[in-house]
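Please look through the structure below with this short briefing at hand. The notes take up helix packing, the ligand and the backbone in turn.

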Amino acid sequence: MANKPKCGGYKMTTALITGGGQDSSYLAELLLEKGYKVIMLIRRASYPNTQRVDHIPEGDNFQMDYFDLSDTISIDNAFQKYMPDIVFNMAAQSHVGISFKVPESTINFNTLGVLRLLEAIRKYKPTCKFYQASSSEMFGISPPPQNENTPFMPCSPYGVSKLAAFHLVRTYREGYGLFATNGILFNHESERRGLNFVTRKITLSIAEILKGTRKKIELGNIDAKRDWGHSRDYMKAIIELMEMDKPNDVVISTGETYSVRDFLKEAFSLVGLNWEDYVVISDKQLRPFDVPALLGDNSKALSILKWRPEIKFKELVREMLDNDIRQVCHVSLKDIDGYRKALADFVDKKIVKELEHD
Ligand code: G4F
């Protein structure tokens, strides 16, 4: 199979992306820029769930369709209809904490869903390349730094579901000769991150605190350490990985680790506030079992790819916070002091007026 997309008389490479979340949206943009045809498969939702890709016009090169990882018929139909050259499996029940509440469906989507996709490739198009979004959560309680040779010791239904899928990918690669690759991605965030992951929860809450519509943030384990990179950066890495001649299992990370507490300190200090005045630790946000520390050793990626992580911790926090402040307060992070002063003056004047009125 040709790795490079061809235009002008040649058939374009058709990439099928499952899921319409943060990663899928950046991946679609990057693949379209590179000349791929992109089909995005999403799950039906009663409330619109396409905001992250609404800016990409649907047409010959970008199409959306419905499917469900738990529905073999929908997967088979998608394969027969689109006959993709490459599949990026980004769809999942991706919330680790919630996987303790819905363990069975987590395994169904995240493990059996991968089996269904691999079987569809085997049945309809064995030359189709397959990318599996594997996760650093698979390392679980294995001490950092973690790389491709670190023992996997998952500690959540999510981690277990991803690890079983990881081994299915390897099994189909070795057993059937499929081009099936695992990208073992450490945490990756952005302004498009879902609202119930800790980074976005913090940056959005700070914006609401500045606006005066929120007083506190309720969090769980703030001692947990994560290796946080940028989603768009990581999507560049996986495209390069999939354009290689051979399938592989590769860790993608920044090689730096910070605690949730560090994230709080950094984000609150950017707006001149003390995080301890706003954070409440609640049992409700604690998981039965939590990965204590992740730090990715990305030497293999750095040796086989041209890719390098471009956005590190401080820039990531700033970008996410700036975005949420723009969304909520309609000013940029650099104008936040003026905004707060204007808001305080407005409140003072309102109080004076009310007192005069009394
Ligand atoms: O933001 P999180 O929910 O991410 P987590 O659990 O590390 O999982 C993310 O990264 C994985 C890669 O390792 C992905 F596979 C997975 O799909 C997802 O993208 O939580 C980060 C840390 C945890 O230790 C959690 O216990 O923050 C801690 N935390 C503390 N308070 C909280 C909260 N997490 C969330 N979501 N909400 C809290 O209130």
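Helix axes are lines fitted to C-alpha atoms over the stretch in contact, and the angles between them run from 0 to 180 degrees between N-to-C directions. The model is a predicted one, in which local features need pLDDT of at least 70 and side-chain atom pairs count only at pLDDT 80 or more, while totals for chains, interfaces and linings use all residues. Residues are numbered from 1 along each chain as its sequence is written, and side-chain values use heavy atoms, with hydrogens and water left out.

**Helix packing**

- Two packed helices are described by the angle between their axes and the distance between the axes.
- Helix H8 (residues 260-270) packs with helix H10 (residues 313-329) at an angle of about 55°, and their axes are 10 Å apart; helices (H or I, at least four residues) and strands (E, at least two) are DSSP runs numbered from the N terminus.
- That angle makes H8 oblique to H10, given that angles under 35 degrees count as roughly parallel, over 145 as roughly antiparallel, 65 to 115 as roughly perpendicular and the rest as oblique.
- H8 passes H10 in a right-handed crossing, where the near helix is turned clockwise from the far one by less than a right angle, anticlockwise being left-handed.
- Helix H1 (residues 22-33) and helix H7 (residues 231-242) have axes that come within 9 Å and cross at roughly 55°, and H1 and H7 are therefore oblique to each other.
- The crossing of H1 and H7 is right-handed.

**Around the ligand**

- The ligand is surrounded by 25 residues, of which the closest are Ser94, Ser135, Ser136, Tyr158 and Arg287; a residue is near if one of its heavy atoms lies within 4 Å.
- Polar contacts are pairs of N or O atoms within 3.5 Å, and an N or O atom in the side chain of serine 136 is 2.5 Å from an oxygen atom of the ligand.
- An N or O atom in the side chain of arginine 226 is 2.7 Å from an oxygen atom of the ligand, whereas for glutamate 137 a backbone N or O atom lies 3.4 Å from a ligand oxygen atom.

**Backbone details**

- Proline 144 and proline 145 are joined by a cis peptide bond with omega about -5°, and proline 145 is found in the loop between strand S5 (129-135) and helix H5 (157-176).
- Methionine 83, in the loop between helix H2 (72-82) and strand S4 (86-89), has a positive phi near 40°.

Methods:
A polar contact is a pair of N or O atoms within 3.5 Å; within protein, one must be able to donate a hydrogen and the other to accept it, and residues adjacent in sequence count only if both atoms are side-chain atoms.
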